[in-house]
Amino acid sequence: MKILSINFLSCAIKACKSSSDSFPLHAKDAELVQDEIELNPDMIINVLPRLDWAALRTTSSELGFPQLPEQPPTPFELKADETLLKDLHHLLLETQISEGKLVCGNCGHEYAIKEGIANFLLPSHLV
Amino acid sequence: MSRPEDTLAADVHYDDVEARKYTTSSRIQNIQASMTRRALELLDLKGPSLILDVGCGSGLSGEILSSLDAEEGGPHTWIGMDVSPSMLDIALQRDVEGDLMLADIGQGVPFRAGAFDAAISISAIQWLCSAETSDTSPAGRLTRFFNGLYASLKRGGRAVCQFYPKNDQQRHMITQAAVKAGFGAGLLEDDPGTKNVKLYLVLTVGGGSIENNGGDITGVVEGMEDVDVLDARKQLKSNNTTVKKGSKAWIIKKKEQMERKGKVVKSTSKFTGRKRRIAF
């Protein structure tokens, strides 16, 4: 599960849809792996305005990454600063949670991650 | 042709054996690849985008998304959802680049609003029409899926879902569910009337992005060759110019209606709808 995906995932349970705590999901007992993926600057600049920066800061500090700046960089800054771009690329796309759990902040439901695949199947009474 | 949808649920049907068979069959690979390319053509993405692959299976379609050249608008980053663990296992072995998750699309799409540029789905959503337990209905599953999909796409985003409907009723049910969720929906039929007919449900979120046409769904296929636009909405309007009840045209229309229903109908002759001679 990439950090980019976690920034978009919220709790799937119906009762949590209205709660603001259901996003972001908190990583627990996470084992990380790094993958080499080719840098795609256009992609990151495209996604940047849609990222929830506060949620990304939470996730990255939970996973023990160095603290991100408080304000998201503008697309213009990102284009100019290659190290920042590479750091973001490394965090969002190359870092994966291979084993662990994602926990909803509202209901406490745990979504297990195994071999990098998160299990979002729910028993039918929670849908 | 046999339809696995009729007998088993998707996660049960695609066990380890079926998933391997599906992925290694060169025929299926070719068909999937051509359908993915067609769907990409309909999505008309301008640059590297974030795409949701609904029912990604073993990543046959995702592979094409991440292998596109820069001049074709790629490579895209994708997140795949599938309900079959065996299919995802094969995707892992094939080392696909996208992110995978095990989820049932009939339970909704658990992403926050406006996450994706586009969504693609190859031969998946007909599975929603078979509900295997008593506490879910096909209509409910379709509604949850399309509502979730609508929310997770950004404004001006598009989704293309290729699917195999069992009959006209199922096709109608799927399209109506999409329209109800708020999508602008259109159906594109490739090779109509042949055995290889392929149906693409083209969905748009929010109007305005398609130029000149006021956001109309037919704008999606503008400029494409060999595409005829059949607008069912316009037909509806022309039908509203009612024929006078009791007239010959009205009688013939009714007879055609009954005939379509399979009723036995007397053949039309020169006497049809003619006034009787006055007896006295």
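**Strands, a loop and an interface**

User: Let's start with strand β5 of chain B. Is it mostly covered or mostly open?
Analyst: This is a predicted model. In it, β5 (residues 153–163) of chain B is mostly covered, with eight of its 11 residues buried.

User: Which way does β5(B) pair with β4(B)?
Analyst: β4(B) and β5(B) run parallel, and six bridges join them. Within that pairing, Ala119(B) sits opposite Ala159(B) of β5(B).

User: And in what sense does β5(B) pair with β7 of chain B?
Analyst: Antiparallel, over six bridges, with β7 covering residues 198–204 of chain B. Val160(B) stands opposite Val202(B) in β7(B).

User: Switching topic. Where is Ser130(B)?
Analyst: Ser130(B) lies in the loop of chain B between β4 (116–122) and α7 (138–152).

User: What does Ser130(B) touch, leaving out residues up to four places away in sequence?
Analyst: Glu5(B) and Arg141(B).

User: Which backbone oxygens does its side chain reach?
Analyst: The side chain of Ser130(B) reaches the backbone oxygen of Glu5(B) at 3.4 Å. The backbone oxygen of Trp127(B) is reached by the Ser130(B) side chain at 3.1 Å.

User: How far is Ser130(B) from Arg260(B)?
Analyst: They are 130 residues apart in sequence, and their C-alpha atoms are 27 Å apart in space.

User: Now the two chains. How many residues are in contact between chain A and chain B?
Analyst: On the chain A side there are 31, in contact with 27 of chain B. The area buried between the chains is about 2500 Å², and carbon and sulfur atoms give 57% of that.

User: Which residues of chain A lose the most area to chain B?
Analyst: Phe8(A), Arg50(A) and Ile117(A), which together make up 25% of what the chain A side buries.

User: How many salt bridges between chain A and chain B?
Analyst: One. Arg50(A) forms a salt bridge with Asp117(B), and the closest N and O atoms are 2.7 Å apart.

User: Which element gives the most to the side of chain A that touches chain B?
Analyst: α2(A), with four residues. By class, that side of chain A has 17 nonpolar, nine polar and five charged residues.

User: Last one: which strand of chain B does β4(A) pair with?
Analyst: β4(A) pairs with β3 (residues 99–102) of chain B, in the parallel sense over two bridges. There, Asn119(A) stands opposite Leu102(B) in β3(B).

Technical notes:
Residues numbered from 1 in each chain as written. Chains lettered and ligands numbered in written order. Predicted model: local features only at pLDDT ≥ 70, side-chain atom pairs only at ≥ 80, totals over all residues. Heavy atoms only, no water. Contact = heavy atoms within 4.5 Å. Polar contact = N/O pair within 3.5 Å; in protein donor to acceptor, adjacent residues only side chain to side chain. Buried < 20%, exposed > 50% of the residue type's maximum accessible area, 1.4 Å probe, protein only. Pairing = 2+ DSSP bridges. Buried area = accessible area lost by both parts, 1.4 Å probe. Salt bridge = Lys/Arg side-chain N within 4 Å of Asp/Glu carboxyl O. Nonpolar A, V, L, I, M, F, W, Y, C, P; charged D, E, K, R; others polar.
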